[in-house]
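Biologist: Could we go through the cavities and the chain contacts of this model?

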Amino acid sequence: MPSAVRTPGQGAALDRRFVDEIRATTVGETRLETCIQCGTCGGSCPSAADMDHTPRMLFAMARAGLRDGVLRSNTPWMCVSCYFCSVRCPQEIHIPDVMYAIKSIATREGIAPESIGADFSRTFVSNIHHYGRSYEVGLVARHYLRHYALRLPGMAPMGIGMVTKGRMGFIPHKIRGIAGLRAILARAGELEAAAQGRKAPA
Amino acid sequence: MSEDVMTRPHPTDATASATTPREPVVLVFTCNWCSYRAADLAGTARIKYPPNVRLVRLMCSGRIDPSFVLKAFASGADGVLMTGCWPADCHYRVQNVKALRRFELLRRVLEQLGIEPERFQRFYASAAEGPQLAAAFSRMIEDVRPLGPLDWGRLPDLAPDHEALTNPSELDADSAAEAEADLMSLEAVGS
Amino acid sequence: MTPNEPADSPRVGVYVCHCGTNIAGTVDVAAVRDWAMERLGPHGVVVSRDYPFMCSSLGQELIEDDIRELGLNRVVVAACSPHMHEKTFRGACERAGLNPYLCELVSIREQVSWVHTDKVAATAKAEALLAGGVLRVREQVPLEPMRVPINEATLVVGGGIAGITAALEIADAGFPVHLVEREPSIGGHMAQFDKTFPTLDCAACILTPKMVTAGSHPNITLHTWSEVTDVAGYVGNFTVKVLHRPRYLDTDLCTGCGICQEKCPAKVVDPVFEAGIGYRKAIYRPFPQAVPKFPVLDPDNCIYFERGTCRACEKLCPTGAIRLDQQPEEVTLQVGNIVLATGFEAFDARRVEAYGYGRLANVFTSLEFERMSNASGPTGGQIVLRDGVTEPKTVAIVHCVGSRDRNYNKYCSAICCMQSMKFAHLVREHTDATVYEFYIDIRAPGKAFDEFYQRVQDEGTIFIRGRVAEVTDVLRMPDEAAEDGRLIVQVEDTLAGLQRRIPVDMVVLSVGLEPQADAHEVARRFGITCSSEGWVIERHPKLDPVATMTEGVFAAGCALGPRDIPASVASGAAAAARILGRIQQRELALEPIRAVIDAERCSGCRICNDLCPFSAITFDAVQAVTEVNPALCQGCGVCIAACPAGAIAGTGFSDAQILGQIEGILMFSGAADVGARTASPEPKAPEAVPA
Amino acid sequence: MSSYLYYPGCSLSGSARAYAESLAAILAPLGVELREIDDWNCCGATEYLTLSPLGGYALIGRNLALAESQRNGTSTLVAPCSACYANLAKTDRFVRESQTLREQLNGALAADGLQYTPGSITVRHLLEVLIEDVGLDELQRHVTRPLHGLRVAPYLGCLVSRPDYDRRWAQHEQPHALDRLMAALGAEVVDYPLRTSCCGGHMTQISPDTGFEMIRRLVDAADRREADLLVTVCPMCQMNIDAYQSEMNHHFRTDYHVPILFFTQLIGLAFGLEPKVLGIGTEIVSAHRALGRIGIAVPPPAEVEVEVPAGQAAPAAREARAKRPKGLPMPRLDEDER
Amino acid sequence: MTANGKYRFAMYWAASCGGCDISVINLHEAILDLAERFDIVFWPAVMDAKYADVEAMPDGSIDLTLFSGGIRNTENAELARLLRRKSAILVAFGSCATEGCIPGLANLTSTGDLLDRVYAGPSMDNPDNVRPTARTTMPEGELHLPALEPLLRTLDQVVEVDYRMPGCPPETERIAEVLGLLTAALDGKAPMPVRGSVVGAGHSTVCDECQRDRGVKRITAFGRLHELPPLDPGLCLLEQSVPCNGPATRDGCGAKCPLAGAPCIGCYGPADGVVDFGARLLSAFASVVDASEPAEIDRILDGLPDPVGQFYRFSLAGSLLRGGRAARTSRSPAAAPAATPAREMATHGVTR
């Protein structure tokens, strides 16, 4: 597996404020600067095998200022939010929340490495923007046709099963307060930008 | 190092010291064994707290005489914090419990006199709880600030009645002077 | 009240210390010096100086000279906490012929420069505190220290290596010692060990002789199977109650032959000495070398106490020493000093779910391993799996279990790294298993420690830098482990940057050290303070590491915090030395902070009578007045504050002093511009026409 | 009749219909009323937080705000979906502890004239409510058809006992709450150490290989321990293990057949309710065979049953259960709270 | 001293009830001895006199003035200064003059509220809401009224006094003693008491004179007499849950109240050297409350429904705080609302 040495962006100037940027973006406390590099997170992670950096290493890179390297890493996208790391971390670092923060920065800057992951999130979110609820059929259909056309045959039994067993609603449910919800989300977007705009590295 | 010695005293004047007059001043009573040592610990650990928190060291919170608290308010404190060992950890076994009893009764008196409860609080700190104590100091200041200054020493606003005081037909020259001095004495609360 | 001229009109000298930049870095000391002169002149300040290091001999001479030349009768030093240098400056005053108690220390370091950053505000606060000090010292009167005789006997609580050392040091010097131990035998945790790091000498070989000496020493009285239930009095004169739990046998008759233990039909797991991996009888001697040699009967597991029948031990005891009706007995001891060597408890590994202790048979704790590797332990020194027979082919040793972890204990337990490496060595010694050490950092700073680290590496132990994430018996692939039933240690090898699942037979959790469960209770009983975790707090962490906040009570060994055997022995000896020094003095000077009753003004209302926990207050029914016994009075001041007639005065902390200090602190502060006027000594009311 | 606010979450009206149906079926006998929050919206799972943390919290916050405005009598909000539960609980926790978030969140909610008072709502998972409030005794009282002989592997999934920022759970990794509930129903509870391991969440969508491997681990462990079925409290877990099991088999060339049901479905069965009303039969990996073993007839499977070769049970498991005559005593484990 | 060899005597009542004057009159025939040695030059309670006459007297010409009552308005203050000027010996006479007494309790209320209470109170028919003002212009000319001051002050807060005599009122026999003592001193037959000292009272507290048996104090409840079971006539009242102020109150009265079965209410004020009567007393009471849990402590303290009334009935004006927040922020009656919440006051009247 690639190590920090081969991380793209290594050559780029180090961004000393990156940790602060992450802190500003993370909701709740990050405590990232207290990481003792013990590897409990990487050891606990069920999907660590598919990460190009273990969480610990990602944090070390962040603290070193390898902004680009961190944002291009697939690690946050491999996080399944199982919170094993966060309950075991001896420094009580809220690791999954940090991962969200990194992912959001990466998507905002359009350098999300794992396009499928970002894309799934976008699809999911756009559902919410449309209906206020998740619309599984729409989601699955759109997402699979986009990325997993080849998987579809293998999934036939499942697909059929889901449908025949009535576990797929074909009519999306739209909430009444959708307009209000959109307003809320819009405002949240502004506030977030504002907050980060203030904290963003000069 | 400076060696000059000044032996001629200068006259006292009443101008306030450098702290912003509007920032509340909190007097803290500490016991020698737990809370004062916690304060020392906060110092050794360089934990910061607001500068207008001022400590008075006693041997035990049980030494705190309600007159001390009243005196503090009368002398211009905006808040008073009683600190001591945790209930069961008193260096003198159970004496901090006596402090607790007095606190409860004095609090009632102060409330009846119109002094907000936020201005008179208590906090337990073991000798190891420097950070907690420092945090309590900051909290206390935060609690008191919105209430504004207590200014117990300040002269009540005499404006409307005051002019009646200086009714020429009733006062000759020197009693006017006395009237002035008299007002001063009215300000001289608690001396 | 304040500050109507005290008896002698005060001539106060003010001395402001820079403490290098510690104070001067934040407080404008020159400004404070001048301010004191200007503003406090009317309050009796006749000289005001600053100096880089007041506590230096030159600084002290400065004060002494002024006392002599300017005829100062009061001194205020604005420097560090009185707990740091009060004695120093009082000494200076005394040398210059001024009563030491007329010296006041104002803390502008711990309370100002170290806790504030705003220079202006800090300087203003320093001035305010200084004013408080001046107005306080004005009201101070000369005092003489109280002298009390010191009882030569010493109480040592805890019979571990630290306690034994302290006891022997004092006893050898020729003074009586009472050694109280909760367990049936002295020896403590060290008695459970096989080898000691890094020298690997046999624990028993070096400990047993000391235990025997302690047990037979003419000056040492052992109180094993006992606990201290109450402590009264004060330094030099403590009265201590010790509860002897019943051993259910008459120690005068018992020869320690061990027949009772042999014949006792009740076999139970021994959770204490054998750390839960060995068995003992209901009547037992914890281990062969136990001191004293007598067994104890544990009624919770004794068949007779459960069903009322059996009495095997009683019937078979050759000397008829068994006493099944024995009752607990309480003895009262008079001692002058106390050493607390109450030791530690091992962290309960069950709390770390991910490591599966208690769930997975072949996960062991360090204490279990100590017993297992001990030749006289349950496996006779064989390293085996829980099944009692199979020898492990691979052993994982996990560091920092319950330590350096905010979920359990933040602190480093200091001994685990070395202990773990000792285990690695012992495994290699007893078996040919592969040994892994999983660590975050190797901490081997002691003498010959790192050499031992090298040695263990040479022996082929594999060190993997990574905190073990979990231990599991769930295999991901049937072939993941050579045989089923083996354990998988899942960890990130942080140096390789990848997650590894390493199959092993046995896992040893190097658990951290924790304070005794009842540490807070004990601290309370002895009137000392302990940290939130429960470690005893030293009087000063560096300069007075074995004394506690309470005069006459010292601490040694792991009661103070995690430490290894040499450090425990050192602290035990240090505590002994401190105590011997005091005993030699025969008497002891106490702060003359006392309550004094003015019989004239006492109305005998008896409000104060029930307020003194040291029973210093007595009521004279004939005179109908209350009296305070200065020898018993501890100076807390509760009665002073309680006396409705104001008939009780407090030396050192009188109402006048405290009210003066309050006034001083507030008189110039921003909040009390009026307070300033209040405080100035000139009367405010217009002068009356003289009669 | 104890009453709670209810946040079903999207999947209960879709892929986890069975969960909703079985839950509805057991509420009446237990005398529990769930009042669905009017016009609730999706909690965004982990996706919204990914794009915009604050947006995600605003999304969740709207539900809390609605709950607050609709609470009469009760302020406890029950979520049957673990992801929804974790999101709601976490949000409440964070707005309680962070002044900034509190202001930002209410700032956003204000856009639709809503606002949330931190702490005004207590978020709890359905499992917790059934065990804490209703109680095992009460549940047991209604059992008319004990699940004797059914070997159940209790699978809690991640998001009930973790992150648990409020420290409500004594165990974060090996809680035995579900075990005890199953035991109360008379089932034979399999020791299933993966009880809170991860099902892979949306990995099946964004990184199938990762997702399949995680599903395989769970299924494999259950299979080795000879579990008849897995029981879960989370729609996402059910979906992954049930719906993707065949594709996973296809991917690894394996032929696991481990059905997974919702705990409410098993409660319903134990209460003697009809499998149909409990949505049994809507699972892709049919529980037909498993339930058949304890004499519960369920609709025929929709797909061809794959015979599981007998004796494939893990020796590991067998050895683990075997009694050892001699040896060193084991440390005692205290009975855990949850 | 007058031509006829008598000393000049004056007595004045400021804010007081006149009880002190009556207590002096109670000397009965002994008052003849007073007339024997003193010329009464000014005593509004018993004889007519004009302030102008007093102003006309040479400074220090009055040998002895007993001044009763607290300083509540400009007239009181004016007379205090006047009599201070004219008198050789000025005695703060009685509880009002020494520590404010009952009138001092008005220091809990703003002048505005006080006037509202009187001129708009339930017992007042005042349709035009007429209020007293410092100046009133009439066709005949301008009238002046003394103005209320925001706080009632004790005499020694206004002028320096030579002696203090506590009591509400001072016991007649104590008065006789004091007059005897001072006459002797004036005659030069006895030393003058130390200036500023307390005369006509003891140096301890009421318990010193109280004959009731006392044991150690552990108070489990406070109650008022009618709420309590019949009391043991021989036992300390405090030990029987009666909040008796005796322990903190200066002796000299003969412990009349407690001996008669009524709790001491503290009219003789604090003992020697006590800074604040109320503080001392509350500290004493609290110290012997037999509880260590806040809740339990609270329960017991609820037995004292009016702490300020209990501890400061006589000494509020003379206490460290002198009164309550309301009085400190007194405003002109017109401006004063019925009641102003303390919060608001914190930010009020801070300019100066």
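Biologist: Which conventions apply to the numbering and to the model?
Modeller: Residues are numbered from 1 along each chain as its sequence is written, and chains are lettered from A and ligands numbered from 1 in the order in which they are written. This is a predicted model, where local features need pLDDT of at least 70, side-chain atom pairs count only at pLDDT 80 or more, and totals for chains, interfaces and linings use all residues, while side-chain values use heavy atoms, with hydrogens and water left out.

Biologist: How many helices and strands are in chain A?
Modeller: Helices (H or I, at least four residues) and strands (E, at least two) are DSSP runs, numbered from the N terminus. The C-alpha trace of chain A spans about 50 × 40 × 35 Å along its principal axes. The count for chain A is 11 helices and 0 strands.

Biologist: What area do chain A and chain D bury between them?
Modeller: Contact means heavy atoms within 4.5 Å, and this one takes 64 residues from chain A and 71 residues from chain D. Buried area is the accessible area (1.4 Å probe) that two parts lose on being put together, summed over both. Of the area buried here, 62% is on carbon and sulfur atoms, and the total is about 6000 Å².

Biologist: How many salt bridges cross the interface of chain A and chain D?
Modeller: A salt bridge is a side-chain nitrogen of Lys or Arg within 4 Å of a carboxyl oxygen of Asp or Glu. D:Asp38 and A:Arg176 form a salt bridge, with their closest N and O atoms 2.6 Å apart. Across the interface the rule finds 4 salt bridges.

Biologist: Which element gives the most to the side of chain A that touches chain D?
Modeller: The residues of that side divide into 31 nonpolar, 19 polar and 14 charged; Ala, Val, Leu, Ile, Met, Phe, Trp, Tyr, Cys and Pro count as nonpolar, Asp, Glu, Lys and Arg as charged, and the others, Gly among them, as polar. Elements giving two or more residues include α7 (95-108) and α10 (152-164) of chain A. With 10 residues, the most comes from α11(A).

Biologist: Which element supplies the largest share of the lining of the largest cavity?
Modeller: On a 1 Å grid over the protein atoms alone, a cavity is a set of points where a 1.4 Å probe fits but cannot get out, and lining residues have an atom within 4 Å of a point. The largest cavity has a volume of about 470 Å³, a volume being the space filled by probe spheres set on the points, which are joined across faces, edges and corners. Its lining holds 28 residues, with A:Phe124 and D:Met236 among the closest to the centre. The largest share, 4 residues, comes from α11(D).

Biologist: What is the volume of the second largest cavity?
Modeller: The second largest cavity is lined by 24 residues, and among those nearest its centre are A:Phe84, C:Glu470 and D:Leu194. The lining divides into 10 nonpolar, 6 polar and 8 charged residues. The space in this cavity is about 330 Å³.

Biologist: What separates C:Glu86 and C:Arg90 along their helix?
Modeller: C:Glu86 forms a salt bridge with C:Arg90, the closest N and O atoms lying 3.6 Å apart. The two are 4 residues apart in helix α4 (residues 82-95) of chain C, so the separation is about one helical turn.

How values were computed:
1 Å grid on protein atoms, 1.4 Å probe; cavity = no way out; pocket = protein on both sides within 12 Å on 5 of 7 lines; lining within 4 Å.
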